[in-house]
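Here is a friendly briefing to read alongside the model. Please keep the sequence and the 3D view open as you go through the topics below.

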Amino acid sequence: DFYYCDSTGWRTAKLVDYFGFCNDSKFYNIVEFGETKYACRTDRSWKKLSTTETKIGLCTPTNYGVIDSVKQGELYDQYFCDSTGWRAAKLVDYAGKCDDSKFYKTIDFGTVSYACRTDSSWTQLSTTETKIGVCSPKNRGAIDSINSIIYVCDTTDWKVATIYDIFECSSAKINSTVKFKDNTYGCNDDLQWTPVTDTTKALGYCTSKNYGTIKKYSSTDFICDTEWRKATQNDLIGLCNDSTE
């Protein structure tokens with residue numbers, strides 16, 4: 001124990017006996033008294049350093065805007081220094097405001113990844129974006145896959161791709177066939193991809209040019225009705241109504 005001699009005699013020494021009063025000339029000074037560290041605060045008092053301050057120092061006007069971190073197990077807690085002192089850092093402290101100069105930019109904050117969206121907000125990446133990146137004007141039309149699911153970068157986001165996103169059906173490609181998701185499709189006269197089945201192989205494609213046509217396949221009558229289907233009695237002989245009574 002330390003003792004201080006004053007007009008009353010010996011008494012237990014106080015921090016102020018060693019370092020004097022906390023005043024303007026001592027603001028933010030750190031002293032050690034016993035086994036404890038103290039800092040001279042702007043309210044003119046000596047106060048113990050917090051656990052955070054012990055690890056990363058004081059937050060003072062000279063380091064306003066600084067971000068520092070404190071290790072907690074395998075992770076790090078991030079702190080931001082402003083006029084209130086050290087506080088838990090926010091994404092905007094680390095990445096800045098989301099504006100048009102940062103649109104589609106991604107950043108890791110803690111254990112989470114975020115992207116700057118066109119509505120000027122930082123938003124957590126979706127599961128799809130985490131795996132294949134953010135869909136932006138720079139990669140619009142790009143195609144990627146996750147677990148055999150094919151995605152295309154559309155005007156706003158990744159969407160599950162259709163056959164039209166992968167293959168073009170044009171006048172130059174009529175009657176050509178492609179493989180898509182383990183099925184075979186053919187480009188018909190309507191410039192539509194149509195599944196190639198035994199029926200279409202035998203009867204041809206059902207298109208606007210042969211809508212209503214009836215053909216026989218494997219002893220069964222089929223009618224073209226957006227696709228080949230088995231013809232009904234009404235398809236074959238017409239409706240029974242006033243005109244056919």
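A disulfide here is a pair of cysteine sulfur atoms within 2.5 Å. By that rule, Cys206 and Cys224 form a disulfide, with their sulfur atoms 2.0 Å apart, and a search of the whole structure finds 6 disulfides. This is a predicted model, in which local features need pLDDT of at least 70, side-chain atom pairs count only at pLDDT 80 or more, and totals for chains, interfaces and linings use all residues. Residues are numbered from 1 along each chain as its sequence is written, and side-chain values use heavy atoms, with hydrogens and water left out.

Helices (H or I, at least four residues) and strands (E, at least two) are DSSP runs, numbered from the N terminus. Buried stands for under 20% relative accessible area, exposed for over 50%, and partly exposed for anything in between, using a 1.4 Å probe and protein chains only.

**Disulfides**

- Counting bonded cysteines along the chain, the disulfides follow the pattern 1-2, 3-4, 5-6, 7-8, 9-10, 11-12.
- Cys22 is joined to Cys40 by a disulfide with an S to S distance of 1.9 Å. Cys22 lies in the loop between α1 (15-19) and β3 (30-33) and Cys40 in strand β4 (residues 36-40), so this pair ties together parts that are 18 residues apart in sequence.
- The torsion about the S-S bond of Cys22 and Cys40 is about 85°, so this disulfide is right-handed. Cys22 is buried at a relative accessible area of 6%, and Cys40 is buried at 0%.
- Another disulfide joins Cys135 to Cys153, S to S 2.0 Å. Cys135 sits in the loop between α4 (127-132) and β12 (143-146) and Cys153 in strand β13 (residues 149-153), so the pair ties together parts 18 residues apart in sequence.
- The link of Cys135 and Cys153 is right-handed, with 85° about the S-S bond. Cys135 and Cys153 are both buried.
- For Cys206 and Cys224, the torsion about the S-S bond is about 85°, so the disulfide is right-handed. This pair links distant parts of the chain, 18 residues apart: Cys206 is in the loop between α6 and β18 (214-217), and Cys224 is in strand β19 (residues 220-225).
- Cys206 and Cys224 are both buried.
- Elsewhere, Cys5 is partly exposed, with a relative accessible area of 47%, and Cys240 is exposed, at 74%.

**Largest pocket**

- On a 1 Å grid over the protein atoms alone, where a 1.4 Å probe fits, a pocket is an open set of points with protein on both sides within 12 Å along at least five of seven lines; its lining residues have an atom within 4 Å of a point. Grid points are joined across faces, edges and corners, and a volume is the space filled by probe spheres set on the points.
- About 290 Å³ of space lies in the largest pocket. Of its 18 lining residues, those closest to the centre are Thr194, Pro195, Cys206, Thr226 and Glu227.
- Two or more lining residues come from each of β17 (193-195), α6 (198-203) and β20 (227-230). β17 gives the most, with 3 residues.
- Thr226 is found in the loop between β19 and β20 and counts as exposed, at 69% relative accessibility. Phi of Thr226 is near 65°, a positive value in a residue other than glycine.

**Largest nonpolar core**

- A nonpolar core is a set of buried Ala, Val, Leu, Ile, Met, Phe, Trp, Tyr and Cys residues joined through side-chain atoms within 4.5 Å.
- The largest such core has 10 residues: Phe80, Ala89, Leu91, Ala95, Cys98, Ile107, Phe109, Tyr114, Cys116 and Trp122. At least two core residues are supplied by each of α3 (91-95), β9 (106-109) and β10 (112-116).
- Contact means heavy atoms within 4.5 Å. Leaving aside neighbours within four places in sequence, Cys98 is in contact with Phe103, Cys116, Arg117, Ser120, Ser121 and Trp122.

- Ile30 is found in strand β3 and is partly exposed, with a relative accessible area of 43%.
- Not counting residues up to four places away in sequence, Ile30 touches Lys37, Tyr38, Ala39, Leu49 and Leu58.
- Lys181 is placed in the loop between β15 (177-180) and β16 (183-187). Its phi is near 50°, a positive value in a residue other than glycine.
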